[in-house]
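Q: Hi! I've got a model open and would like to talk through how it is packed inside. Could you walk me through it?

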Amino acid sequence: PEIDLTDLLNTIAEEYQTQAKEKSLIFTFDLPTQPVTLSAEPNLLSQAVKNLLTNAYKYTPAGGKVQLRLFTRSRQALIIVEDSGIGIPEADLAHIFERFYRVDSERSRNTGGFGLGLAIVKQIIEAHGGKITVSSKLKQGSTFTIQLPL
Ligand code: ATP
Ligand code: MG
């Protein structure tokens, strides 16, 4: 169906705003004032964005920042989830979208998870004709970008 991404992300942002306080994180979101409509499965897209935000919260220490942004550029919607967390080692970046892949370090012992969240994001986004990319710097943070055709 036709859905409004602005509306969908606003709902998600409200939910994560509440959680941010509990985790002592600074959550900000920057969404367009206009609707951004596209044909998509709202529950799946919502799941994809939540998986990214859940990771951002999980891998960012208290006091850190998480930001959600949406904008459109050359017939694409860009959804960006950026955090100031622990970051991902360069050597792992190519693998994090694989099923059951978790960065092998202290983080895996301290945080639960199966290593499925990002594999699910990738599958959902590709099913919508889009793509997901990441850039990250160890100990500085990570930025995940979802691109969806409009
Ligand atoms: P699950 O999502 O299944 O509960 P998970 O969070 O470990 O478990 P993914 O979401 O697929 O699995 O992420 C894979 C790995 O990538 C994580 O284990 C973590 O090491 C790393 N990672 C993902 N997102 C971030 C992030 N925002 N900052 C730092 N590392 C991340
Ligand atoms: Mg995860």
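A: Happy to, and let's start with a term: a nonpolar core is a set of buried Ala, Val, Leu, Ile, Met, Phe, Trp, Tyr and Cys residues joined through C-beta atoms within 7 Å. Please keep in mind that this is a predicted model.

Q: Got it. How many residues does the largest nonpolar core have, and which of them have the most contacts inside it?

A: The largest nonpolar core has 32 residues, and Ala48, Val49, Leu52, Leu53 and Val121 are those with the most contacts inside it. Two or more residues come from each of α1 (5-23), α2, β4 (65-73), β5 (76-83), α5 and β7.

Q: Which element gives the most to this core?

A: That's α2, with six residues.

Q: And Ala48, what does it touch?

A: If you skip residues up to four places away in sequence, Ala48 touches Val121, Ile124, Ile125 and Ile146.

Q: Let's look at α5, then. Which of its residues are buried?

A: In helix α5 (residues 117-127), the buried ones are Gly117, Leu118, Val121, Lys122, Ile124 and Ile125. Viewed down the helix axis, the buried residues of α5 fall within an arc of 170 degrees, so they line one face of the helix.

Q: What do those buried residues pack against?

A: The buried residues of α5 pack against α2 (42-58), β6 (131-137) and β7 (141-149). Just after α5, you'll find Gly129 with a positive phi of about 75 degrees.

Q: Switching topic: Gly141. Where does it lie, and is it buried or exposed?

A: Gly141 lies in strand β7. It counts as buried because it has 22 C-beta neighbours inside 10 Å, and the cut-off for buried is 20 or more.

Q: Which residues is Gly141 in contact with?

A: Leaving out neighbours within four places in sequence, Gly141 is in contact with Glu82, Asp83, Ser84, Gly85, Gly87 and Ser136. As for Tyr59, it sits 82 residues from Gly141 along the chain, and their C-alpha atoms are separated by 8.9 Å.

Q: Now the ligand. How many residues surround ligand 1, and which are the closest?

A: Ligand 1 is surrounded by 21 residues, the closest being Tyr59, Arg102, Val103, Gly113 and Gly117. The elements giving two or more residues to this shell are α2 and α5, and α5 gives the most, with three residues.

Q: What classes of residue make up the shell around ligand 1?

A: The shell around ligand 1 has 11 nonpolar, seven polar and three charged residues.

How values were computed
Residues numbered from 1 in each chain as written. Chains lettered and ligands numbered in written order. Predicted model: local features only at pLDDT ≥ 70, side-chain atom pairs only at ≥ 80, totals over all residues. Buried ≥ 20, exposed ≤ 12 C-beta atoms within 10 Å, placed from the backbone. Helix = DSSP H or I, 4+ residues; strand = E, 2+ residues; numbered from the N terminus. Arc of directions from axis to C-beta. Contact = placed C-beta atoms within 7 Å. Near = placed C-beta within 6 Å. Nonpolar A, V, L, I, M, F, W, Y, C, P; charged D, E, K, R; others polar.
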